[in-house]
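Have the model open as you read.

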Amino acid sequence: MYELKTLLPQFDINVPKCMYEMKNMNLSANTVDSVSGAAAARNNFNGFFNIKNGKTTSATTASAVSTCCPLDLDKLGLQIQQLLKVSGDDAHNVAVRQEKVMQQLNDLKAQLAGIRSTLGLCAKGPQHTTTSFTTTNNGGLKEEPLHDVVINGHPNFIPYALLAIKNAWKDLFTLDVKTFTHSTMNDIGKEAKAFESALKAVKVNPKLPKINVTLIWKNCEHTEMISSPTMYVPIYGEVNIIRYLGRVGPTEYRYEDSPLCNEIDAVLDICYQLLRCTTPKSKANMIRILNNRLQKRQYFGGDQMSIADIGVHSSLKRMPSINDKDLTPALSEWRKRAEKYTLI
């Protein structure tokens, strides 16, 4: 056949030390004996079938049968026994090392538990917010423990809905909001500081179901909320954050089973569009649509305050260019009623 040149020269390979070292059974003394024994067997085999002038010699046949077969079988049996013994020893050593590692892990776990108890931390693992609701009035959603959420927001787009929800739910549900400033922000401004003071002024009732919210002032384009502690799956937009809190908050504000469920979702979608209006004409158009949605009802969700009212009230608060003169008489009356709940 064609002869190929060696493309890569031989190099010394450094075997990594991060794994358990196994004995090389191919380099044992018995293996060397087996190689020599195999060579002898090969020679005897060739002698056994030595063909001369088309005939095999009987002398060679007799010597091959008498010297090769019994000797090779005995050596082969010894080699197999030795191989099984070596493999069993290595497996036993691996099992012993595994038990040692497991013991070290248990000792480390005990040390961490001692450190947590010394620092006064919960010993049940990651902290999460629990809820005591047992009702199924949740649109068919399964009740599960609520994890703490993190919201990233820019000081120019203050999420007033958090303050509105905290005030509106103060007798039903506790929204514990703590604020921090990211390194990307040098100064958050007077309005954001006033917003922080207003959040701190609302007292937290430890007896009520609670969800912890961490608000981080950050140089980000959109207001986003991270609701999963194990993966970065953000919820973008203040309106969608309101939807999430409405689904996990008190039953009085869960609207999935309400006859006006689609209406509330439509109002929240209008709020999303209102926050992105850049011209006076587009803002006036959104105000007219909200007025048509309100009609003669007391609130956007019917006769009681709902998540839709919180969304509209927060959106109008975020747009100082829209004042009371721009609102219709019906919206002006509604805004006065909403201020009694949201206090903003």
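Predicted model: local features only at pLDDT ≥ 70, side-chain atom pairs only at ≥ 80, totals over all residues.

Tyrosine 341 counts as partly exposed, at 37% relative accessibility. Tyrosine 299 sits in the loop between helix H8 (280–294) and helix H9 (307–318), while tyrosine 341 belongs to helix H10 (residues 329–342), so this pair ties together parts 42 residues apart in sequence.

Another pair is made by phenylalanine 300 and tryptophan 334, and it counts as edge-to-face because the planes are at 75 degrees, over the cut-off of 60. Phenylalanine 300 is in the loop between H8 and H9 and tryptophan 334 is in helix H10, so here the parts tied together are 34 residues apart in sequence. Phenylalanine 300 is buried, at 0% relative accessible area, and tryptophan 334 is buried with a value of 0%.

Here are the two pairs side by side:

| Pair | Centre to centre | Angle between planes |
|---|---|---|
| Phenylalanine 300 and tryptophan 334 | 5.2 Å | 75 degrees |

Elsewhere, ring pairs join Tyr160, Phe195 and Trp217 into a cluster.

Now for the charges. Which residue lies over the face of tyrosine 299? That's arginine 337, at 5.8 Å from the ring centre. Tyrosine 272 has the charged end of arginine 276 over its ring, 3.8 Å from the centre.

How values were computed: Residues numbered from 1 in each chain as written. Heavy atoms only, no water. Helix = DSSP H or I, 4+ residues; strand = E, 2+ residues; numbered from the N terminus. Buried < 20%, exposed > 50% of the residue type's maximum accessible area, 1.4 Å probe, protein only. Phe/Tyr/Trp six-rings, centres within 6.5 Å; stacked < 30°, edge-to-face > 60°. Lys NZ or Arg CZ within 6 Å of the ring centre and 35° of its normal.
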